[in-house]
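User: I'd like to learn how to read surface features, pockets and salt bridges. Could you walk me through them?

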Amino acid sequence: MGKSVFITETPEMCADCPLCSEYLPLCRANGAPIEEKWKENGYFGKPDWCPLKPVPEKDDRKFSSYRWNWYTDGYNACLKEIGVI
């Protein structure tokens, strides 16, 4: 089975997350129960089990050897293709 990427702005709390169920206290991505403290206004951060992972930043390293520069070129092309940079 192939992989997919879901790009969204990182929410400040579970209640602002598009993966948070509106009707049940659980995360629609992994079914983990969301405690009330994660949905309350004013409680910021994310739980350890949160499936949202930060997207890596653009790599601006330049190597002295041309054969290693293909790595950063390919890395940045991948980020550009998924719409991050």
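User: Let's start with Ile82: is it buried, partly exposed or exposed?

Analyst: First, the ground rules: this is a predicted model, where local features need pLDDT of at least 70, side-chain atom pairs count only at pLDDT 80 or more, and totals for chains, interfaces and linings use all residues. Residues are numbered from 1 along each chain as its sequence is written, and side-chain values use heavy atoms, with hydrogens and water left out. Buried means under 20% relative accessible area, exposed over 50%, and partly exposed in between (1.4 Å probe, protein chains only). Ile82 comes out at 34%, so it is partly exposed. You'll find Ile82 in the segment after helix H2 (66-81); helices here are DSSP runs of H or I, at least four residues, numbered from the N terminus.

User: Which residues make a nonpolar surface patch with Ile82?

Analyst: A patch takes residues with over 30% relative accessible area and no salt bridge, and nonpolar side chains (Val, Leu, Ile, Met, Phe, Trp, Tyr) are joined within 5 Å. Areas come from the Shrake-Rupley method with a 1.4 Å probe. Here Ile82 teams up with Val5, Ile7 and Val55, giving about 320 Å².

User: And pockets: what volume does the largest pocket have?

Analyst: Rolling a probe the size of a water molecule over the atoms shows where empty space is left. On a 1 Å grid over the protein atoms alone, a pocket is an open set of points where a 1.4 Å probe fits, with protein on both sides within 12 Å along at least five of seven lines; lining residues have an atom within 4 Å of a point. A volume is the space filled by probe spheres set on the points. The largest pocket has about 490 Å³. Its lining has 18 residues, with Phe6, Ile7, Thr8, Lys53 and Val55 closest to the centre. That lining splits into 12 nonpolar, three polar and three charged residues.

User: How many residues line the second largest pocket?

Analyst: There are 16, and Pro11, Cys14, Cys17, Cys50 and Leu52 lie nearest its centre. This pocket holds about 170 Å³.

User: Which residues form the salt bridge?

Analyst: Look for a side-chain nitrogen of Lys or Arg within 4 Å of a carboxyl oxygen of Asp or Glu. The whole structure has one: Asp59 with Arg61, closest N and O atoms 3.0 Å apart. Asp59 is buried at 13%, whereas Arg61 is partly exposed at 46%.

Terms used
Patch = residues over 30% accessible without salt bridge, like charges linked within 9 Å, V, L, I, M, F, W, Y side chains within 5 Å. Helix = DSSP H or I, 4+ residues; strand = E, 2+ residues; numbered from the N terminus. Nonpolar A, V, L, I, M, F, W, Y, C, P; charged D, E, K, R; others polar.
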